[in-house]
Amino acid sequence: MATLAEQDGVIWLDGKFIPWRQAKVHVLTHTLHYGVGVYEGIRAYETDHGPAIFRLDEHISRLYRSAKIVRMEIPFEKEALNSAAQQVIHENKFESAYLRPMCFYGAEGLGLRAKGLSTHVMIAAWPWGAYLGDEGLDKGISAKVVSLSKPYINCELAHAKANGAYLTSVMALREANEAGCDEAILLDQDGYVGEASGENIFIIRNGNLYTPDTRAILPGITRRTIMQLAEEMGLPVTVTRIQPEELFTADEAFLTGTAAEITPISSIDKKAIGPGKCGPITRRLQEKYFSVVHGRSEEHADWLTLYTSTT
């Protein structure tokens, strides 16, 4: 099976399209050593009118907010990156895809005080199915509350989608996988539910949705989408601190994220959540979400960006 580095196609890098296999950086690239970079995950979905990028402007705007938090200057206007994302889909002839924009420092120098570093910007895209598998998306996945926790808000830039911040997530997921589970759930430093390794979490009780506040987690765009769709469907949503034991007494639970979309949680720490499969409210939310992102619903058409030629 070909690796990501062995794909064909083109990648947008610093304003130009280059052949996929030539998109390389030096081993002394500053971001490779210190993790100072920001990125986004975005999906483009197949629709009757061609591939549509979901909430593109919101994602690119968050990229700029993340860059501001880490004091990184992006040498392109937002409109240029919005256009480049559309072009990446078009140039690679994708009907659907996952997009990865990233901003990173170059190899002008190393050390924490390195100055004169250039900021590079890339956008790649490739076909990527359900992040936690089609079966997980349909029937639910297993999760584990891991020993690692989310750092205090003043210990990590929680609201920046920064490269280095994901070391904790990688190690948390490995702990969960080694225990035979699909995903990790991290608590915050006060012992309340934070988020999964790369997703936000919701629980459902008596027809009401509950999700942790964002004091120590990344406010997800898919999270916000689900909160809005739920309210429109008459499902109350409460943002609050959630105690770990509330996970196990929930009627349903699910994860949200660009990659994971809406993935049900069937069990946590080997204990079944509700029916031990995708619950009825989670299924309704899934159906609504996929109807919107695939352009089958007349609602929220403004969330979809179709390709517009710049020539």
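**Helix crossing**

I noted that α6 and α8 are roughly perpendicular to each other, a label for angles of 65 to 115 degrees. The model is predicted, so local features need pLDDT of at least 70 and side-chain atom pairs pLDDT 80 or more, while totals for chains, interfaces and linings use all residues. Residues are numbered from 1 along each chain, and side-chain values use heavy atoms, without hydrogens and water.

I looked up the axes of α6 (residues 221-232) and α8 (residues 280-293), which come within 11 Å and cross at roughly 110°; axes are lines fitted to C-alpha atoms over the stretch in contact, with angles from 0 to 180 degrees between N-to-C directions. Helices are DSSP runs of H or I with at least four residues, strands are E runs of at least two, and both are numbered from the N terminus.

For the contact (heavy atoms within 4.5 Å), I listed Thr222, Thr225, Ile226, Leu229 and Ala230 of α6, and Leu285, Lys288, Tyr289 and Val292 of α8.

**Cavities**

I searched the whole structure and found 4 cavities of 30 Å³ or more. A cavity is a set of points on a 1 Å grid over the protein atoms alone where a 1.4 Å probe fits but cannot get out, and lining residues have an atom within 4 Å of a point. Points are joined across faces, edges and corners, and a volume is the space filled by probe spheres set on them.

The largest cavity holds about 70 Å³, and its lining includes Asp188, Tyr192 and Arg215.

Definitions and conventions:
Parallel < 35°, antiparallel > 145°, perpendicular 65-115°, else oblique. 1 Å grid on protein atoms, 1.4 Å probe; cavity = no way out; pocket = protein on both sides within 12 Å on 5 of 7 lines; lining within 4 Å.
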